[in-house]
Amino acid sequence: QIAFCTTHEEMVYDAFGHNVVSFLRKPLSGHLVAQCLKRTAFLIKDFYPLAIDEETLVPYRNIVYLQSEQKYTIFHLKDGKTVPSRKTLKEWIKELEAYDFCAVSRSAVINLKYYIKTENKQVKLRGNISLPLSRRYIQPLTKAFNAYLLSLARND
C-alpha cells in the first residue's frame, strides 16, 4: 500500500492503479497521517493471510464460513474448496473476531463480508449458502453486522 506525500498535486493522476491509499499534502498534520494509517490497516486486513496450518495460508477475504465437524473445523472458501483444521471452532472464533467474523451457532462462524440476511432461522450468505441460525446468536450477529457496516462507512 502506498501513500504519497507531495506538494505536486498534478501527480495524483499518474498514481491511479498503483495501490495508492492516500495523498498527503505537505505540510503534514498528525491527524491526516493517522487517518491514512487507519485506512491502510482496514484495507490490508482483508488481504492478510491466515495460517490455517503449517502449510496452508488463506487470505481472510477468501474465507466464507467455518463449520465444526467432529474433531475438525472446516474452512469453506470462496472458490468452493474446503480446508480442515485440528483447532477447535472456539479457538478460531477468538482469533477471527477482529477480522469481521461472527458465530451464528455453536457449530458455525461466518465472514460478515458474505452475509446477506437472516430469514426463517437461517443465515443467507453470498453464493446461495444457507446456515442454521441459533436464537441466542441473533442479537450478537445483528450487533456485529452493524459494527461491520459502520466500519465500512468510516473507511470509504
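In this report a residue is called buried when its relative accessible area is under 20%, exposed when that area is over 50%, and partly exposed in between, computed with a 1.4 Å probe on protein chains only. The structure is a predicted model, in which local features need pLDDT of at least 70 and side-chain atom pairs count only at pLDDT 80 or more, while totals for chains, interfaces and linings use all residues. Residues are numbered from 1 along each chain as its sequence is written, and side-chain values use heavy atoms, with hydrogens and water left out. Helices (H or I, at least four residues) and strands (E, at least two) are DSSP runs, numbered from the N terminus.

## Cysteines

C36 is buried, with a relative accessible area of 5%, and C102, at 8% relative accessibility, is buried as well. A disulfide is a covalent bond between the sulfur atoms of two cysteines; the criterion applied here is a pair of cysteine sulfur atoms within 2.5 Å, and a search of the whole structure finds 0 disulfides.

Two strands are taken to pair if DSSP finds at least two bridges between them. On that basis, 5 strands form an open sheet with the order β7-β6-β5-β9-β8 and antiparallel pairing. The edges are taken by β7 and β8, each of which has a single partner strand, so one side of each is left without a neighbour in the sheet. Neighbouring strands are turned by 20° against each other on average, direction ignored, where axes are lines fitted to C-alpha atoms (for helices over the stretch in contact) and angles run from 0 to 180 degrees between N-to-C directions. Within this sheet, β6 and β7 pair in the antiparallel sense over 4 bridges, and I74 stands opposite P84 in β7.

Helix α2 lies across β5, β6, β7, β8 and β9, running at about 155° to β5. In this helix, which spans residues 89-96, L89, W92 and L96 are buried. These residues cover an arc of only 60° around the axis, which puts them on the same side of α2; the arc is that of the directions from the helix axis to the C-beta atoms. An α-helix has 3.6 residues a turn, so residues three or four places apart point the same way. The face turned away from the buried side carries the exposed residues K90 and K94. With contact defined as heavy atoms within 4.5 Å, what covers the buried residues of α2 includes β3 (49-51), β5 (63-69), β6 (72-77), β7 (82-85), β8 (101-105) and β9 (108-111).

What does the side chain of S85 make a polar contact with? S85, found in strand β7, counts as buried at 4% relative accessibility, and its side chain makes a polar contact with the side chain of W92 at 3.1 Å. A polar contact is a pair of N or O atoms within 3.5 Å, of which, within protein, one must be able to donate a hydrogen and the other to accept it, and residues adjacent in sequence count only if both atoms are side-chain atoms. Leaving aside its neighbours within four places in sequence, S85 is in contact with I52, K71, Y72, T73, F75 and W92.

## The three-stranded sheet

A further open sheet has 3 strands in the order β10-β11-β12, again with antiparallel pairing. Its edge strands are β10 and β12 (129-132), each pairing on one side only, and the twist averages 25° from one strand to the next. The strands β11 and β12 pair in the antiparallel sense over 4 bridges, with L125 standing opposite I129 in β12.

## Backbone geometry in the loops

Most residues other than glycine have a negative phi, and most peptide bonds are trans. In the loop between β2 (20-25) and α1 (30-47), where P27 is found, a cis peptide bond joins K26 and P27, with omega of about 0°. Two residues other than glycine with a positive phi are set out below.

## Strand β4

P59 has its place in strand β4 (residues 57-59) and counts as partly exposed at 21% relative accessibility. The C-alpha atoms of P59 and I93, which are 34 residues apart along the chain, are separated by 16 Å.
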